[in-house]
Amino acid sequence: MAARGGAVRRLSRAALPGHDTPGLRLPPAPELASRVGIVHLGIGAFHRAHQAVFTEDAALAADEPGWGICGVTQRSAAVVDQLRPQDHLYAVLERGASTASARVVGQVSEVLFARDQGPLLFERLADPLVRVVTLTVTEKGYRRGPDGRLDLTDPVVAADLEGGARSTVGQLVRGLQARHRASAAPVTVLPCDNLTDNGAVVRRLVLDFCAALPAAEGDAVAAYVEQQVSFPSSMVDRIVPATTDEDRAEAARLLGARDEGLVVAEPFRQWVVEDRFAAGRPAWERAGAELVDDVAPYEQLKLRMLNGTHSMLAYLGALRGHGTIARAVADDDLAAAARELMAQDVLPTLHLPAGVDAAAYGRTVLERFANPALRHTTVQVAMDGSQKLPVRLLGTVRDRLAAGAVPQWATLAVAGWMAFVARGADVHGRPLPLDDPMAARLRSAVGTGSDPVTVAEGLIGVHEVFGDDLRDSRDFRDALVGHLKELL
């Protein structure tokens, strides 16, 4: 697979070997995904390693073409530049603790950059052959205000209400307007981000946008949304760390070609979906997804047990100088803290799905985090803490306080975030980047960042994160100060 002069050529249909080889699975024939049936907003690494893989496996298992994916990138054209020259192919490099394998995915049939190709995006969203719109835009991508509703003061949202379409919700509504005008065909909007009750959240944001439009315009699209658009919730789970040069070299060895769109993932994957679709869906259950009536118990289990523990290990691990989550789990003190968080604070708050063993789930979580091949960095997981804490940790804190208990381990995790914000460096003096949409506000709240009481009082007063109830909880504040005395 070497090009002239010995260089490894770029991945494409023409560069693929003629058959599967050990450690390498090739994509199906292109006809399986040639017709777009899904538009996905936010085609980052997670979607390509998760929903796209489920969709390809489902289409193969059911022998059902017509579910090709049009992926939409919103922040930069990087994914377009990665995938278009490769016939939209990319590999998923699965890294277990001791082995690696790759599969080439062909389910993405088109990639658009929303900023430059808005009319084509709306054309796709209006197409009645498109029956599902999926989203992975991260928590901050929904541009919610402190009350959880659409932030109409956000400058991007405000510009979208004047006719633009740069925000996720703005793109959705403008696309639904185009669909209403073209055919009023039913469609499903399926969010796949870590938000509690994410389907209902996105539906509310869409209707908030509609309500802020001029009455005749907004009322028409809102009525269409109410009658013809469903918003099921879903819970997604797969660890997808940033791709490294070592990963690219390993993939090139397996592929015999250079893959600019490579993503890396653990072998584990899970998708729980509320089975409420307005216009049909892929046979995702044939690929291992769980189609259920109520996602909430699965969602709560994952957000609090897995994501909450992930954040705890990220902040406390980064402060101790651990570069990866795997190294943080290998720290006996941090592993013990993670186990106590799950057992003492999270477990009493859960309404478990039938047949789920929470203790076994917790052990599996730590085993997955300990996979040294993933190299999921602590600072990567630590990003956007102001957006993640409310759904990952503060629900646990509130439920335990309401039950009359002080959640010491969950509070330790929150204190870890506060110390991460305040210190800006690990125990060795190496800088810790504060990559957060509220970074300036958080830095202002902590001041010099050396006094535990000042740090706790400053950050707990950030209403968008903690609300009024936690700010006014003396037990929570005192526990935070106690932990911060150790961490600072």
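How do the residues of the lining of the largest cavity divide into nonpolar, polar and charged? Here are some notes to read alongside the model.

1. Before we start: this is a predicted model, where local features need pLDDT of at least 70, side-chain atom pairs count only at pLDDT 80 or more, and totals for chains, interfaces and linings use all residues. Residues are numbered from 1 along each chain as its sequence is written, and side-chain values use heavy atoms, leaving out hydrogens and water.

2. Back to the opening question: the lining has five nonpolar, three polar and two charged residues. Here Ala, Val, Leu, Ile, Met, Phe, Trp, Tyr, Cys and Pro count as nonpolar, Asp, Glu, Lys and Arg as charged, and the others, Gly among them, as polar. Among the lining residues are Ile-239, His-310, Phe-369 and Arg-375.

3. Now look at Pro-128, which sits in the loop between helix H4 (118-126) and strand S7 (132-135). Helices (H or I, at least four residues) and strands (E, at least two) are DSSP runs, numbered from the N terminus. Pro-128 has 49% relative accessibility, so it counts as partly exposed (buried is under 20% relative accessible area, exposed over 50%, partly exposed in between, with a 1.4 Å probe and protein chains only).

4. Finally, find the open sheet of three strands, ordered S10-S12-S13 with mixed pairing (two strands pair if DSSP finds at least two bridges between them). Strands S10 (234-237) and S13 (290-292) stand at the edges with a single partner strand each, so one side of each has no neighbour in the sheet.

Notes: On a 1 Å grid over the protein atoms alone, a cavity is a set of points where a 1.4 Å probe fits but cannot get out, and a pocket is an open set with protein on both sides within 12 Å along at least five of seven lines; lining residues have an atom within 4 Å of a point.
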